[in-house]
Amino acid sequence: MSINNILVIGAGTMGRQIAMSCALSGFSTILQDISDTALRAARTELENWAAGRISKGKLRAEDVELALSRLTQSTELATSAARSDLVIEAATERLDIKRAIFAELGEHAPAHAILATNSSTLASSHVAEASGRAAQVCNMHFFNPALVMKCVEIVRNAQTSDATIATVTEVARALGKEPVLVNKEVPGFIANRMMGAIQQEALDLASKGVASIEDIDTTARTALGHPMGPFELMDLVGLDVIDFIAQATYAETGEPSDQPHPMITEKVGEGKLGRKSGQGFYLYDQEK
């Protein structure tokens, strides 16, 4: 199926960057959000990002001008959905909100349209039935920052058709991404499961006094070749995000081992969220 028009729902950090990726790749793109303020903020940020890329010689001014002309904004979901071949939902991680969105998409999007969720914690089977077209629903999970990160996890639910997978894979490649297929829904998909396993072991080693946080990070960098250690990475991602992912995984599995680690719970409770707050496992100079 040919994809020409893409709707991205949610003008937050992920949604706005996914939308810009689509526009830069030649797709007619609508960024939709219920908040006009959020849409204005997204536009300003993307224009500033693009100006920076032009000044560094990473993008041509004419290409940016074309991309921004392809990227429109709307607060109207129904009318935006009616014009779309592919919808990528990047709204807040609340199941009730996502189900309501997919129900409205099922009613207003063209019969051929594919409906994808960018969720990293909620599998598409949770919203597929609400859409009335489960075979055309999947996860299309981008990574932050979406304008930079190459990986896109494409996750099929039990009813997702091969045609749907083929189409979203083709779109991901058209965006310059490297899509990976997750054939079965599992909490965390691939990346978060692997990252979570490393982080859990690192947290256990530190909490048991086996090694210091600094030495665990040094080992990850110098012995395993990781660009940063697990504690550095958690601080970068945000300890509140790490906590949220663990809570969402535990809600899915009910396994006690999937609950947030006590070290994470303690830091979040103290408001020490990592780089964003100036302190997490490390102390950061926010003036830099």
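Which side chain does that of Ser124 join in a polar contact of 3.0 Å? The partner is the side chain of Asn157; a polar contact is a pair of N or O atoms within 3.5 Å, where, within protein, one must be able to donate a hydrogen and the other to accept it, and residues adjacent in sequence count only if both atoms are side-chain atoms. The model is predicted, with local features needing pLDDT of at least 70 and side-chain atom pairs counting only at pLDDT 80 or more, while totals for chains, interfaces and linings use all residues. Residues are numbered from 1 along each chain as its sequence is written, and side-chain values use heavy atoms, with hydrogens and water left out.

Ser124 itself sits in the loop between strand S5 (114–117) and helix H6 (125–131). Helices (H or I, at least four residues) and strands (E, at least two) are DSSP runs, numbered from the N terminus. With a relative accessibility of 0%, Ser124 is buried; here buried means under 20% relative accessible area, exposed over 50%, and partly exposed in between (1.4 Å probe, protein chains only). Leaving out residues up to four places away in sequence, Ser124 touches Thr117, Val137, Cys138, Asn139, Val155, Asn157 and Glu185, contact meaning heavy atoms within 4.5 Å.

Ser74 counts as buried because its relative accessible area is 16%. Beyond its neighbours within four places in sequence, the contacts of Ser74 include Ile30, Leu31, Gln32 and Asp33.

On the larger scale, the domain assignment, which is automatic or from a database, gives domain 1 (5–182) and domain 2 (191–273). Their C-alpha centres lie 29 Å apart. Seven residues from domain 1 and six residues from domain 2 take part in the contact. About 480 Å² is buried between the two domains, and carbon and sulfur atoms give 55% of that area; buried area is the accessible area (1.4 Å probe) that two parts lose on being put together, summed over both. On the side of domain 1 that touches domain 2, one residue is nonpolar, four are polar and two are charged. Ala, Val, Leu, Ile, Met, Phe, Trp, Tyr, Cys and Pro count as nonpolar, Asp, Glu, Lys and Arg as charged, and the others, Gly among them, as polar. Two residue pairs are in polar contact between the domains, both at pLDDT 80 or more.

Finally, Asp204 is found in helix H8 (residues 191–207). Asp204 is partly exposed, at 22% relative accessibility.
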